[in-house]
Amino acid sequence: KGRSGHEPEFLQAVQEVLESLEPVVSQMPEIQEYSILERMVEPERVILFRVPWVDDSGKIHVNRGFRVQFSSAIGPYKGGIRFHSSVNLSILKFLGFEQVFKNSLTTLPLGGGKGGSDFHPHGKSEGEIMRFCQSFMTELYRHIGPDTDVPAGDIGVGGREVGYMFGQYKRIVNHFTGVLTGKGIDFGGSLVRPEATGYGCVYFADNMLAQQGDGFKGKICAISGSGNVAQFCAEKLLELGAIPVSFSDSNGFIYDPDGIDAEKLAFVMDLKNVKRGRIREYVEKFPKATFTEGKRPWGVKADCAFPCATQNEISGEEAAELVKNGCRLVAEGANMPSTPEAIDIFMKNGVLFAPGKAANAGGVATSGLEMTQNSIRLSWSREEVDEKLKGIMKSIHDNAWDAAKEFGREGNYIAGANIAGFLKVARAMTLQGVV
Ligand code: NDP
């Protein structure tokens, strides 16, 4: 804590993991003998760099670029790049730390990392976005590689930005390799990668419901965010017969009492991905819906909640509101969207709770499948990738369930995911000596 006292998000993520690992540490003395936890909370390497770029008027700007290479114990560093004004070392260390466990859970050989910049893409022109991505990669390229560190997208980084970064990497190193995932389909991207985090989250939640003999048909679902994860979460929910009723962005949320059907979802996808508009514009097109400025959608009546925007977006009071309104399942599409107070309330009220580490691992898992396709220079069909994703989400669910049970925390997916993710990394670290 002394070393990271100024990193609140990182401490929050570490605290949750360490609490879950108590039963493991007490049963396995080698964890202390090999100082596994002390080593695990320190990133292997942090890179911090200047990103200068020129706006359309000729003015020079300087942003900060980061890459946190957290753990390579079980594979090359892997994790997204985030562009958002709030990005700092605490946020990237929390994300990189969580990524280590998440990637271990995917069953694939992936280490953990995360990167990004405090560059805020809103309101920037195409040219400005491209020049920023090129400048960012002009430094990052020397620290990454297909067998070293393979970044992907995250908040503010989608297919467009990955494309610009990939183009610049290739130009500098003169190699066509799978150094980034989430690439366009025509240059090494995988089918289903854009959908994978949202779909995977719903597959995970479906496994949880199945465990209780239940399913999604007719379930009302509150969703936050309106970006990549939120959109494809809604798409899969619709496919399974559930009824999404909300979306949000940093200005507020929309609530549609009639449900967001496929046609309305297509409008949202066009609004956010093509027109790059704001979610409030939904109510101009569908006037029965309401827009609430400056609030999140946790006061709406829903059976299930899918927080898919950002960290700490469900407070204790909002969690209590969700429970009061009948919410029985929360699956985190975003990373650490529930505050510790919110999680406490969900647990005390018997809400089925899927932590992001497990529930949103479908994205990185499919990135792992993209890496495999790049290595063998083949592309798998949509059905093939989707089947693999479904299978991986079931394995993650079952592994988390079994690990929680084995260590006396039956039904606690937080403990299960942390323990199952940890054990594999800890075993690898033990066998690799003091590194
Ligand atoms: P996008 O940039 O596509 O969408 C993010 C959405 O969340 C936007 O609607 C955005 O609104 C909103 N948002 C972002 N920051 C804030 C904030 N501080 N307050 C309120 N709303 C906010 O990102 P993704 O959908 O890719 O990512 C969403 C979450 O899912 C993140 O936590 C990310 O780490 C996590 N995740 C993503 C994966 C992926 O494959 N993309 C994989 C695993 C996890 P606005 O436009 O106003 O900023």
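Visitor: What stands opposite Val 68 in β4?

Guide: Lys 114 does. This is a predicted model, in which local features need pLDDT of at least 70 and side-chain atom pairs count only at pLDDT 80 or more, while totals for chains, interfaces and linings use all residues. Residue numbers run from 1 along each chain as its sequence is written.

Visitor: What makes β2 and β4 a pair of strands?

Guide: Strands are DSSP runs of E with at least two residues, helices are runs of H or I with at least four, and both are numbered from the N terminus. Two strands pair if DSSP finds at least two bridges between them. β2 and β4 (residues 112-117) have six bridges, in the antiparallel sense, so they count as a pair.

Visitor: How many bridges does β2 (residues 60-71) have with β1 (residues 45-54)?

Guide: Ten bridges join β1 and β2, again in the antiparallel sense. Within β2, Gly 65 is the bridge partner of Phe 49. The hairpin of these two strands has five residues between them, and Gly 58 there takes a positive phi near 95 degrees.

Visitor: Why are β7 and β13 said to stand at the edges?

Guide: The open sheet has five strands in the order β7-β6-β11-β12-β13, with parallel pairing. β7 (243-244) and β13 (352-354) each have a single partner strand, so one side of each is left without a neighbour in the sheet. Two bridges join β6 (residues 220-223) to β7, and Cys 221 has Pro 244 of β7 as its bridge partner. Helix α8 (residues 228-239) packs on this sheet, where it touches β6, β7 and β11 (304-306). The direction of α8 makes about 175 degrees with that of β6.

Visitor: Why are α7 and α15 described as oblique to each other?

Guide: Axes are lines fitted to C-alpha atoms, for helices over the stretch in contact, and angles run from 0 to 180 degrees between N-to-C directions. Angles under 35 degrees count as roughly parallel, over 145 as roughly antiparallel, 65 to 115 as roughly perpendicular and the rest as oblique. The axes of α7 (residues 193-211) and α15 (residues 382-406) cross at roughly 50 degrees and come within 9 Å. That angle belongs to the rest, so α7 and α15 are oblique.

Visitor: Which residues of α7 and α15 make the contact?

Guide: Residues are in contact if their C-beta atoms, placed from the backbone, lie within 7 Å. Among those that qualify are Tyr 199, Phe 204 and Met 208 of α7, and Leu 389, Met 393 and His 397 of α15.

Visitor: How do the residues of that contact of α7 with α15 divide?

Guide: Eight are nonpolar, three polar and two charged. Here Ala, Val, Leu, Ile, Met, Phe, Trp, Tyr, Cys and Pro count as nonpolar, Asp, Glu, Lys and Arg as charged, and the others, Gly among them, as polar.

Visitor: What makes α7 and α14 oblique to each other?

Guide: The axes of α7 and α14 (residues 362-376) come within 7 Å and cross at roughly 135 degrees. This angle also falls in the rest, so α7 and α14 are oblique. Residues of α7 including Arg 193 and Cys 201 meet residues of α14 including Gly 362 and Glu 370. By class, this contact of α7 with α14 has five nonpolar, six polar and two charged residues.

Visitor: Why are α11 and α12 called roughly parallel?

Guide: The axes of α11 (residues 316-324) and α12 (residues 340-348) cross at roughly 25 degrees and come within 7 Å. That angle is under 35 degrees, so α11 and α12 count as roughly parallel. Their contact has six nonpolar, one polar and two charged residues.

Visitor: How many residues surround the ligand?

Guide: There are 24, and the closest are Gly 227, Asp 249, Ser 250, Ala 334 and Gly 363. A residue is near a molecule or strand if its C-beta atom, placed from the backbone, lies within 6 Å of it. α8 supplies the largest share of the shell, three residues. The shell has six nonpolar, 16 polar and two charged residues.

Methods. Contact = placed C-beta atoms within 7 Å.
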